[in-house]
Amino acid sequence: MRKISKIIVTAMAAALLPAMAAQAEELISIGFAQVGHESDWRTASTKSCQDVFSEENGYDLSFVDCDNDEAAQKEAVRSFIEQDVDYIIIDPIIATGWDTVLTECEDAGIPVIVIDRTIDDSDKYAAWVGSNFKTEGLAAGEWLAAYAEKQGIEELNVLTISGSTGSSAQIGRSEGFNEVAEKYGWNLIDEQTGDFTEAGGQEVMENYCKSYEGQFNVVVCQNDNEAFGAMTAMDNAGVTYGPGNDVILISYDACTAGLEDVKAGKITADFECNPLAAPFVEEVIKKLAAGEEVEKEVYMVEHWYALEDQIVEFEVDGEAQEMTLVTDEVIEAQY
Ligand code: GYE
């Protein structure tokens with residue numbers, strides 16, 4: 001009896017093994033060269049990719065955190081080529097310097113999908129999924145114009161803590177906001193990078209508080225984490241911020257912790273950048289696998305957040321913008 005069951009089990013295993021091997025082979029292999037781990041936004045982006053491109057969903061994901069190092073990111077892409085993955089996802093740390101390595105991907109016949117930040121000096125990729133950073137900057141600027149008017153604030157003296165220099169997120173947000181500032185003749189006092197980190201935001205703001213004491217009434221942080229650091233620096237320097245206080249504090253990303261600070265009356269308005277691109281990337285991959293045509297650019301939908309008294313009407317490129325009131329439910333639903 002025992003012998004028979006052993007034979008059956010062995011036979012079953014022998015039958016199953018090739019099936020399991022075939023299943024492993026069927027996994028779609030993806031290499032993802034992620035920017036790093038500098039912010040809440042980045043954590044949400046990484047999680048979104050890891051959730052969607054899981055083994056359960058039929059993927060074999062090679063994830064590389066490039067720690068904000070451009071050279072390491074190119075190396076990661078080249079290692080994916082060597083592994084001969086089926087698809088490569090890149091979130092480019094900076095916008096330029098990509099043509100050579102993208103040509104290598106093309107020569108190897110591996111489709112590249114770019115997410116979040118753009119590549120501005122090459123079009124050798126199948127598709128890009130991300131946000132319009134210039135629109136975010138324009139929205140922040142036009143909101144400020146409408147809000148200052150409502151409050152009767154005539155002079156705007158602005159300090160900007162920008163994101164990582166040369167990233168398309170930094171370039172677009174600066175371009176958009178500064179275009180509006182120029183239009184209304186605001187005083188742009190200074191713009192220094194906080195590298196999208198809390199420590200960077202704090203350091204820049206500490207210097208600003210010393211150099212420009214009493215000279216500014218607007219601080220623009222190009223992401224929430226920089227805003228967290230800037231708030232610490234302003235607390236230490238005795239500068240008050242948020243609705244009704246010395247400084248109007250503007251932020252981008254609108255991740256959970258950022259929205260909590262809007263709700264707490266610390267961040268005056270927060271301009272969303274949606275990090276959940278992975279489901280759209282998966283659609284692109286499915287279409288490519290089926291030999292279908294894909295859209296070259298896919299834009300994420302985003303919202304602008306504030307409390308009731310800071311919700312004002314404004315337009316971007318002639319289009320009326322709707323703002324979202326921050327409530328506990330809204331925060332709960334955010335990433
Ligand atoms: O705003 C910031 C992150 O590339 C849009 O990078 C992204 C930016 C995001 O570190 O928090």
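Me: How many residue pairs are in polar contact between domain 1 and domain 2?
Reply: Keep in mind that this is a predicted model, and the count takes in pairs where both residues are at pLDDT 80 or more. Between domain 1 and domain 2, the number of such residue pairs is five.

Me: And how many salt bridges does the rule find across that interface?
Reply: Here the rule wants a side-chain nitrogen of Lys or Arg within 4 Å of a carboxyl oxygen of Asp or Glu. Across the interface of domain 1 and domain 2, the tally of salt bridges is zero.

Me: Which classes of residue does domain 1 bring to the side that touches domain 2?
Reply: Let's sort that side of domain 1 by class. There are four charged residues, and the other two classes are four polar and four nonpolar.

Me: How much area do domain 1 and domain 2 bury between them?
Reply: The centres of the two domains, taken over C-alpha atoms, sit 30 Å apart. The contact draws twelve residues from domain 1 and 18 residues from domain 2. Carbon and sulfur atoms hold 53% of the buried area, and the whole comes to about 1100 Å².

Me: Which residues of domain 1 lose the most area to domain 2?
Reply: Three residues together make up 43% of what the domain 1 side buries. They are Asp 40, Arg 117 and Ser 131.

Me: What share of the ligand's area does the protein bury?
Reply: Around the ligand there are 13 residues, with Glu 38 and Asp 116 among those that come nearest. A side-chain N or O atom of Glu 38 is 2.4 Å from a ligand oxygen, and for a polar side-chain atom of Asp 116 the distance to a ligand oxygen is 2.7 Å. Taken alone the ligand exposes 300 Å², and the share of that buried by the protein is 100%.

Technical notes
Residues are numbered from 1 along each chain as its sequence is written. This is a predicted model: local features need pLDDT of at least 70, side-chain atom pairs count only at pLDDT 80 or more; totals for chains, interfaces and linings use all residues. Side-chain values use heavy atoms; hydrogens and water are left out. Domain bounds come from an automatic or database domain assignment. Contact means heavy atoms within 4.5 Å. Buried area is the accessible area (1.4 Å probe) that two parts lose on being put together, summed over both. A polar contact is a pair of N or O atoms within 3.5 Å; within protein, one must be able to donate a hydrogen and the other to accept it, and residues adjacent in sequence count only if both atoms are side-chain atoms. Ala, Val, Leu, Ile, Met, Phe, Trp, Tyr, Cys and Pro count as nonpolar, Asp, Glu, Lys and Arg as charged, and the others, Gly among them, as polar. A residue is near a molecule or strand if one of its heavy atoms lies within 4 Å of it. Accessible areas come from the Shrake-Rupley method with a 1.4 Å probe; for residues, only the protein chains shown count as cover.
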